[in-house]
Amino acid sequence: MTETAIKLESVHKYYGNVHALRGLDLEVNSGEVFGFLGPNGAGKTTTIRCMLDLIRPNSGSIKVYGVDPQHDPQAVKAKVGYLPGELKLEGDFTPRDFLKYIRRLRGVTRPWEDLLRLAKRLDLDLDKNIRTLSQGNKQKVGLLQSLVSKVPLLMLDEPTLGLDPLMQQEVLNIVREEKAQGTTVFFSSHILSEVQKIADRVGIIRKGVLVEIAQTEEMISRSLTRAIIQFSDRVPESSFSSLCNVEILRVNDDHHVYTLEIQGELDGFIKVLADYPVRDIEINRPTLEEVFLDYYKDTGGEA
C-alpha cells in the first residue's frame, strides 16, 4: 500500500473577505512528483504555507506524513525541504556562508561535497556577496538550501523562477534524481511545459478549488486531439458518423481532406482510416498547457 505524504481535507482559508481556499481536498503519494498548477492568485502558495504552518487555515484538516502541522510544526518542517515562491535573500554574506548556516540549523544534512557538486551544476559562484547576485542566482541559492537536508519531502514553489532555459532543465534533472532516491516532490508552478516533463500526477487549482487531479498522461489523453487527413480518394462524411468521439471541423469540397477533432482514445478513429487510402496525416496531440487553458477558458482571461 502506498504511503500518503500529504493529505488535505476540506481546507478553507480566508484573507479578510477573500476566500483563498474553498474546501480543498488533496492527497499526494509518497515517492511521486506532484505538479500543482494554477495561475497567480489561484491558491498554490497559500496551500503550501498552510501545510508548513506558516499560515493557518480557518478550517479543515492537514496531515504531512500523518502529522498535523498545527499540532507539531517542527516535526513537519524537519521532514521538508522548502523553496518559497517569493524568496528574499539580502545581507552581507556569501551563498557559502548561508548554506553552512542552514546546515547548522538543520542538523542532519547531506554531505557538503554533494552541495558543492550541485552548485557547480547550477553554475553558482558560492563566494560572491549575496546582495550582488541576480534574481536567478538567488533562486539557485534557494534551491540549494532546500536540498541541504536529506528529507522525505521537497516543497518547491515555482523552483525555476528567473532561471534561463538551460538552468531550468538542470533543476528538472535534479528533481528527477531526488525522486529516483525516493523523495516526494510537491512542485508548484505555472510553467506547464516543465510540469509535463517531470510530474507523475497533476492537480489544477482554480480560485481555491481543485478542479482536476489525474495522471499527467491520462489528463492529456482525455483531451482533444486535432487531426488533418489527406485521402487519395473521395471519402464520405458518413464514414466518421459512427464515432461518437470524433467531430468533423472542416472538409474540402471534393472530400479528400478532413480536419477532425478526437476526444480521448484514437483506436476507433485509426480503424476507420484503415478502410481508406491515406496519402498524408498530421496529428497534433494536446499539451498540458492546452488542457490547463481549457479549464480557464471561461474566466475572462484569468489564465
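Three strands form an open sheet in the order β2-β1-β4, with antiparallel pairing. Strands are DSSP E runs of at least two residues, helices are H or I runs of at least four, and both are numbered from the N terminus. Two strands pair if DSSP finds at least two bridges between them. Strands β2 and β4 (59–64) stand at the edges with a single partner strand each, so one side of each lacks a neighbour in the sheet. The twist averages 15° from one strand to the next; axes are lines fitted to C-alpha atoms, for helices over the stretch in contact, and angles run from 0 to 180 degrees between N-to-C directions. The model is predicted: local features need pLDDT of at least 70 and side-chain atom pairs pLDDT 80 or more, while totals for chains, interfaces and linings use all residues. Residues are numbered from 1 along each chain as its sequence is written, and side-chain values use heavy atoms, without hydrogens or water.

Strand β1 (residues 4–15) pairs with β4 in the antiparallel sense over five bridges. H12 stands opposite S59 in β4. The side chain of H12 also joins that of H19 in a polar contact of 2.9 Å. Such a contact is a pair of N or O atoms within 3.5 Å; within protein, one must be able to donate a hydrogen and the other to accept it, and residues adjacent in sequence count only if both atoms are side-chain atoms. H19 lies in β2 (residues 18–29). Its side chain reaches the backbone oxygen of L21 at 3.1 Å. H19 is buried, at 17% relative accessibility. Buried means under 20% relative accessible area, exposed over 50%, and partly exposed in between (1.4 Å probe, protein chains only).

Helix α1 (residues 44–51) is largely enclosed by the rest of the structure, because six of its eight residues are buried. These are K44, T46, T47, I48, C50 and M51. D53 follows α1 and has a positive phi, near 60°.

The structure holds six aromatic pairs. Rings of Phe, Tyr and Trp (its six-membered ring) pair if their centres lie within 6.5 Å; planes under 30 degrees apart count as stacked, over 60 as edge-to-face and the rest as tilted. F231 and Y258 form an edge-to-face pair, with ring centres 5.9 Å apart and planes at 85°. F231 lies in β10 (residues 224–231) and Y258 in β12 (residues 257–263), 27 residues apart. F240 and Y258 form a tilted pair, with centres 5.2 Å apart and planes at 50°. F240 is buried at 2% relative accessibility, and Y258 at 0%. Ring pairs link F231, F240, Y258 and Y276 into a cluster.
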